[in-house]
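Me: Please go through the labels used for this structure and say what each one rests on.

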Amino acid sequence: MTYLVEMKGIEKRFPGVHALKGVQFDLNPGEVHALMGENGAGKSTLMKIMSGIYSRDGGEMFVDGKPVSPVSPRAAQDLGIGIIHQELSLMNDLTAAQNVLIGREPRRSFGRLDEPALNAKTAEIFASLNLAMDPRTRVGTQTIARQQLIEIAKALSYNPRVLIMDEPTAALNDIEIAELFKVIEKLKADGVGIVYISHRMDEIKRIADRVTILRDGAYIDTVEAADTPLTKIIQLMVGREVTQNTPVIPDTSQNQVALEVRNLSRGKEVWDVSFDIRKGEILGFAGLMGAGRTEVARIIFGADARDRGEILVAGQPVNIRTPHAAVEAGIGYLSEDRKHFGLAVDMTVRANIAMANLVQFTSRTGVLNEVAMKETAIKYIDQLGIRTPSDMQAVRLLSGGNQQKVVIAKWLLRDCDVLIFDEPTRGIDVGAKSEIYALLEDLAAQGRAIIVISSELPEVMRLSHRIAVMCEGRLTGILPGGEGTTQEQIMELATQRDSALSVTEDVL
Amino acid sequence: MTTTTVDATKSALSRIVVAGTHQRVLAFASLIVLLIGFSIASPNFMQTSNMLAILQATSVNGVLAIAVTLVIITGGIDLSVGTMMTFCAVITGVVLTYAGMPLAFGVVAAVLTGAVCGACSGTFVAKMAIPPFIATLGMMLILKGLSLVISGTRPIYFNDTPGFSEISRGSLIGEVVPSLPIPNGVLILFIVAAVTAYILNRTVLGRYCFALGSNEESVRLSGVNTDRWKIAIYALAGSIVGIAGLLIASRLNSAQPALGLGYELEAIAAVVIGGTSLSGGRGSILGSLIGALIMAVLTNGLRVLSVAQEWQTVVTGAIIILAVYADMMRRNKTT
């Protein structure tokens with residue numbers, strides 16, 4: 001029997017990362033094949049190769065037994081392969097219908113658009129999804145969950161034979177997930193092959209026929225979903241590390257409160273968030289995509305204005321309106337997007353470390369003291385174990401983990417008491433991750449207050465002394481760190497939606 | 001079910017009306033305020049002849065603003081429209097005066113020249129991935145130079161082409177309704193505006209203007225040939241610039257090769273005052289039209305009040321900053 005899609009020995013390298021090492025994958029018609037693995041295991045990369053977004057460096061791919069190499073998303077669509085992206089890729093200024101049928105608008109003569117046909121066609125697709133939405137709704141006005149549903153409608157409009165769903169339920173509530181699963185069942189019955197990427201274990205049991213597990217870019221195993229216990233799948237995903245994921249929690253209850261936040265609110269993004277963190281403590285922030293964690297961090301750091309709320313540093317109310325004021329108050333923020341906001345990647349390690357504190361290296365006449373900058377840079381290169389040939393190396397040539405250490409060095413130089421790390425290990429290899437973890441623990445042990453925002457639950461559980469969980473802009477609970485807290489408890493809080501809110505949105 | 005459809009229709013309608021007015025209401029209100037203010041300040045301002053003068057003064061900048069609006073909605077910018085306009089006028093001069101061809105050929109030559117120049121800019125931006133600011137800056141200088149080379153730095157007059165000056169200065173409407181001698185230049189401006197607004201809101205090309213400005217990567221991943229559409233949009237903008245070239249050549253009855261620099265900034269100013277976002281994805285032709293009118297009213301009104309030319313420039317600059325600031329405030333509130 002020939003597979004609908006078969007991939008063999010797929011290789012992919014990115015600068016500094018061997019993303020896929022001889023990975024295999026196959027898909028039958030009318031089956032849901034789940035692709036599992038921790039973040040960075042290579043799931044999304046493999047699917048981007050299948051859907052023509054990335055080209056492969058090695059290996060073979062077959063559709064209906066014939067060798068293919070889709071070179072563009074269009075070529076993959078022509079082979080019947082559609083993808084629902086993990087990150088929303090919609091055009092916010094256009095309407096839902098205009099987004100769904102982009103590139104395939106019903107036309108009249110002379111390139112004139114047939115808007116009624118466009119809306120009618122989209123309304124049909126929405127109806128098949130049981131989605132109550134006006135096709136003329138502007139996408140930018142919709143919640144993340146509803147944007148996700150528009151994205152799904154868009155993928156379905158291509159009538160794909162193969163549909164890749166990359167974390168389709170990350171932002172959906174239970175009712176919406178149930179609707180999605182009905183659609184998946186229908187597609188299955190029609191013979192569509194579905195690749196399903198998700199971190200939610202319960203969904204795998206509900207929907208998947210087979211499960212393929214990747215770890216660190218390598219193929220591990222393919223198992224039948226029905227007769228494989230979840231614990232076995234988790235074990236395959238995480239390898240040996242499964243037992244060592246609890247932190248040693250120091251008693252910080254007598255320490256001074258470093259940062260306190262009261263009733264922080266901003267628009268729809270952040271609603272009435274209050275918490276405190278003591279010196280020497282690591283507070284993890286868990287939640288789904290769009291839960292408002294980064295938004296909270298940005299408000300504390302003064303990058304976004306707040307509508308209401310108070311910020312207290314070491315017990316004193318501070319009026320933080322700009323990032324400059326936050327730094328003056330001893331708060332540092334390490335953005336999730338290092339390349340955009342954290343580093344000047346074309347400049348040297350030395351220049352980057354000194355960047356945030358140039359005044360310290362400037363003589364009275366305004367000349368920079370290169371010798372002092374060099375000494376400082378070398379001190380941090382040693383202290384943090386930054387692997388670089390010299391302090392004059394351009395930062396862009398370092399690996400992700402070492403780039404992150406440069407950012408950390410930069411903030412250590414500012415001597416901040418409160419450091420907020422937003423996705424500190426995103427795009428970093430597993431080996432370098434544990435170094436970053438050790439570094440964060442060191443910083444806490446030195447008496448700094450550390451906030452870690454992470455979308456990887458194992459990371460939050462591995463690091464946090466306490467775990468704050470957010471959902472739709474609200475802080476739904478703070479759990480103790482350590483062995484007592486389970487992934488399920490966190491997920492429950494992370495999906496604890498304010499049902500009244502989503503109902504009113506549906507009516508609108 | 002029927003009630004929800006009705007409600008949906010209603011809310012969609014009100015949304016369109018609200019969104020449409022919101023964007024331009026401020027510019028339109030400022031235009032009215034300016035008109036009322038100036039007519040109170042000077043009885044000469046509201047005279048028909050002065051109103052016609054304002055409209056005539058708007059025509060060239062208005063057409064250029066319409067062209068730039070298309071490019072700005074895609075998230076780009078076009079700095080070359082001023083010298084491109086001159087280049088189109090010079091080519092028209094070559095066709096009509098040097099080669100002695102009939103008027104219609106000159107008109108076609110202007111529009112075609114603009115389209116080709118625009119397609120070049122579009123190719124630089126789409127195929128060679130040169131940022132629009134740089135690509136069109138280069139085009140601006142290339143076309144300025146070519147205009148001077150081709151014309152031998154001397155103006156080309158259209159004395160031998162009967163009816164050429166009628167393109168801008170004649171009045172078809174005035175012939176039918178003698179009490180309303182609206183110049184053809186103004187008529188052409190409004191026709192160009194109406195046609196471009198139709199293209200922008202009702203055709204595939206217009207749809208991709210907004211889509212590209214909104215999220216280009218997403219359009220590309222949807223399998224749209226973004227390069228081709230981008231080139232088409234720049235070419236359309238270029239052909240509209242060609243019309244502006246005809247208008248200015250007709251008004252001056254000559255192609256002035258040294259003219260053109262600075263017009264692009266006035267056009268961009270009109271677009272910005274009209275509420276089109278420089279980051280792309282949003283904008284309207286009506287807005288740009290109102291923006292161009294505001295600039296013409298200001299210049300004219302201040303002149304009627306005998307304010308020195310130098311101060312008129314200062315006021316225009318301040319208006320641009322105020323307009324964008326007001327737009328930012330509005331946007332921060334709604335989102």
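Reply: Two residues are in contact if their C-beta atoms, placed from the backbone, lie within 7 Å. The model is predicted.

Me: What makes β12 and β15 of chain A edge strands?

Reply: Two strands pair if DSSP finds at least two bridges between them. In chain A, four strands form an open sheet in the order β12-β11-β14-β15, with antiparallel pairing. β12 (270–278) and β15 (316–318) of chain A each pair on one side only, and are the edge strands. From one strand to the next, the twist averages 20°.

Me: How do you know that β11 of chain A and β12(A) pair?

Reply: At least two bridges are required. Strand β11 (residues 257–266) of chain A and β12(A) have six, in the antiparallel sense, and therefore count as paired. As an example, Glu260(A) has Asp276(A) in β12(A) as its bridge partner.

Me: Why is one side of β16 and of β20 of chain A left without a neighbour in the sheet?

Reply: The sheet in question is open and has six strands, ordered β16-β17-β18-β13-β19-β20 (chain A), with mixed pairing. β16 (331–334) and β20 (474–480) of chain A stand at its edges with a single partner strand each, so one side of each has no neighbour there. The twist in this sheet averages 20° from one strand to the next.

Me: Which helix packs on the sheet that holds β13, β16 and β17 of chain A?

Reply: Helix α9 (residues 293–300) of chain A does, touching β13, β16, β17 (418–422), β18 and β19 (466–471) of chain A. Its direction makes about 145° with that of β17(A).

Me: What makes strands β13 and β18 of chain A a pair?

Reply: Four bridges join β13 (residues 282–287) to β18 (residues 449–453) of chain A, against a requirement of at least two. These strands run parallel. Within the pair, Ile282(A) has Ile450(A) in β18(A) as its bridge partner. β16(A) and β17(A) are also joined by four bridges and run parallel; there, Gly332(A) stands opposite Leu419(A) in β17(A).

Me: How do you know that both faces of β16(A) are covered?

Reply: Ile331(A) and Tyr333(A) lie on one side, Gly332(A) and Leu334(A) on the other, and all are buried. Buried here requires 20 or more other C-beta atoms within 10 Å.

Me: Is Phe45(B) called buried or exposed, and what makes it so?

Reply: Phe45(B) has 21 C-beta neighbours inside 10 Å. The threshold is 20 or more, so Phe45(B) counts as buried. Phe45(B) lies in the loop between α1 and α2 (48–73) of chain B. Leaving out residues up to four places away in sequence, Phe45(B) touches Phe38(B), Ser39(B), Asn50(B), Gly301(B) and Val304(B). The C-alpha atoms of Phe45(B) and Asn300(B) are separated by 8.4 Å, although these residues are 255 apart along the chain.

Me: Why is Ser171(B) called partly exposed?

Reply: Ser171(B) has 19 other C-beta atoms within 10 Å. Ser171(B) is in the loop between α6 (166–169) and α7 (172–176) of chain B. Not counting residues up to four places away in sequence, its contacts are Pro181(B), Ile182(B), Pro183(B) and Asn184(B).

Me: At what angle do helices α3 and α10 of chain B cross, and what is the handedness?

Reply: The axes of α3 (residues 81–98) and α10 (residues 226–252) of chain B come within 8 Å and cross at roughly 65°. The crossing of α3(B) and α10(B) is right-handed. Among the contact residues are Val81(B) and Met84(B) of α3(B), and Gly238(B) and Val241(B) of α10(B). By class, the contact of α3(B) with α10(B) has 10 nonpolar, five polar and no charged residues.

Me: How many residues does each chain give to the contact between chain A and chain B?

Reply: Chain B gives 20 residues and chain A gives 20 residues. On the side of chain B, α1 (2–41) and α9 (204–221) each supply at least two residues, and α9(B) has the largest share, 11 residues.

Terms used:
Residues are numbered from 1 along each chain as its sequence is written. Chains are lettered from A and ligands numbered from 1 in the order in which they are written. This is a predicted model: local features need pLDDT of at least 70, side-chain atom pairs count only at pLDDT 80 or more; totals for chains, interfaces and linings use all residues. Axes are lines fitted to C-alpha atoms, for helices over the stretch in contact, and angles run from 0 to 180 degrees between N-to-C directions. A residue is buried if 20 or more other C-beta atoms lie within 10 Å of its own, exposed if 12 or fewer, and partly exposed in between; C-beta atoms are placed from the backbone. A crossing is left-handed if the near helix is turned anticlockwise from the far one by less than a right angle, and right-handed if clockwise. Ala, Val, Leu, Ile, Met, Phe, Trp, Tyr, Cys and Pro count as nonpolar, Asp, Glu, Lys and Arg as charged, and the others, Gly among them, as polar.
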